[in-house]
Amino acid sequence: SGRVGDGTGSELRVQGVEGVLTNLGRCCNPVPGDQIVGYVTIGRGVTIHRISCPNMVNALRKGGESRLVDVQWADTTEKVYPVKILISAYDRQGLVRDIAGLVADEKINMRSVEALTGQKNNLALITATLEIEDATKLMRILTKIDRLSNVVEARRIADPGKTGDNTEKDKNREKEKDREEEKGRQDKHRESHGNARVARAK
């Protein structure tokens with residue numbers, strides 16, 4: 001099984017990618033219990049994504065099936081993974097404190113929390129990064145937060161600032177390669193036309 005670096009200096013084994021360099025996709029932050037798939041990237045081995053990851057949906061839409069590999073979690077050692085969540089709620093006093101209390105009760109560490117208030121309809125947007133062991137624990141804490149008074153929705157989100165793999169870079173490289181090939185074809189075309197004109201001039 002392959003050893004996966006998760007950005008914390010520790011590793012997790014994934015079956016199906018023996019001896020291959022593997023990374024966890026930072027765009028979707030998969031955790032044990034998530035359904036996952038491997039995506040072969042240029043120069044970076046295999047990146048592990050959640051099956052529902054938007055990057056994978058786009059890759060499939062653009063004919064990237066040939067770069068997908070079947071993978072699965074090999075074990076669930078006691079480890080935690082950073083997962084970003086978004087909570088939408090009607091603002092009230094003590095809202096963030098109540099959310100932090102629920103997280104603490106579940107013995108989950110909260111790495112960071114940000115609250116954006118003063119939105120339309122008195123809606124507050126709270127983003128938090130939790131250290132989660134597996135998908136089951138994540139679903140449990142999201143359900144408990146969702147039941148708090150004034151909370152409209154609590155859900156897991158991808159980190160929009162990170163692509164987590166080289167899918168974008170791969171696309172850019174492929175576009176560049178296509179441009180170079182097209183330029184080569186145009187140069188060849190011009191050259192053949194130029195030779196034809198020279199022949200006619202003779």
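Modeller: Two strands are said to pair if DSSP finds at least two bridges between them. Strands (E, at least two residues) and helices (H or I, at least four) are DSSP runs, numbered from the N terminus. This is a predicted model, in which local features need pLDDT of at least 70 and side-chain atom pairs count only at pLDDT 80 or more, while totals for chains, interfaces and linings use all residues. Residues are numbered from 1 along each chain as its sequence is written, and side-chain values use heavy atoms, with hydrogens and water left out.

Colleague: Which residue in S11 stands opposite leucine 86?

Modeller: That residue is arginine 155. Strand S8, residues 81–90, pairs with S11 in the antiparallel sense over 5 bridges.

Colleague: In what order do the 4 strands of the open sheet run?

Modeller: The order is S9-S10-S8-S11, with antiparallel pairing. Strands S9 (109–116) and S11 (151–156) each have a single partner strand, so one side of each lacks a neighbour in the sheet.

Colleague: What lies across S8, S10 and S11?

Modeller: Helix H3, residues 135–146, does, and it runs at about 165° to S11. Such angles run from 0 to 180 degrees between N-to-C directions, with axes fitted to C-alpha atoms, for helices over the stretch in contact. Contact means heavy atoms within 4.5 Å.

Colleague: Which residues touch the most other members of the largest nonpolar core?

Modeller: They are Ile85, Ile87, Leu130, Ile141 and Ile145, in a core of 30 residues. A nonpolar core is a set of buried Ala, Val, Leu, Ile, Met, Phe, Trp, Tyr and Cys residues joined through side-chain atoms within 4.5 Å. Buried means under 20% relative accessible area, exposed over 50%, and partly exposed in between, with a 1.4 Å probe and protein chains only. Beyond its neighbours within four places in sequence, isoleucine 141 is in contact with residues including Leu102, Val103 and Leu130.

Colleague: Changing topic, how many disulfides does a search of the whole structure find?

Modeller: The search finds 0. A disulfide here is a pair of cysteine sulfur atoms within 2.5 Å.

Colleague: Is cysteine 53 buried or exposed?

Modeller: Cysteine 53 is buried, at 2% relative accessible area. Cysteine 27 is buried too, at 6%.
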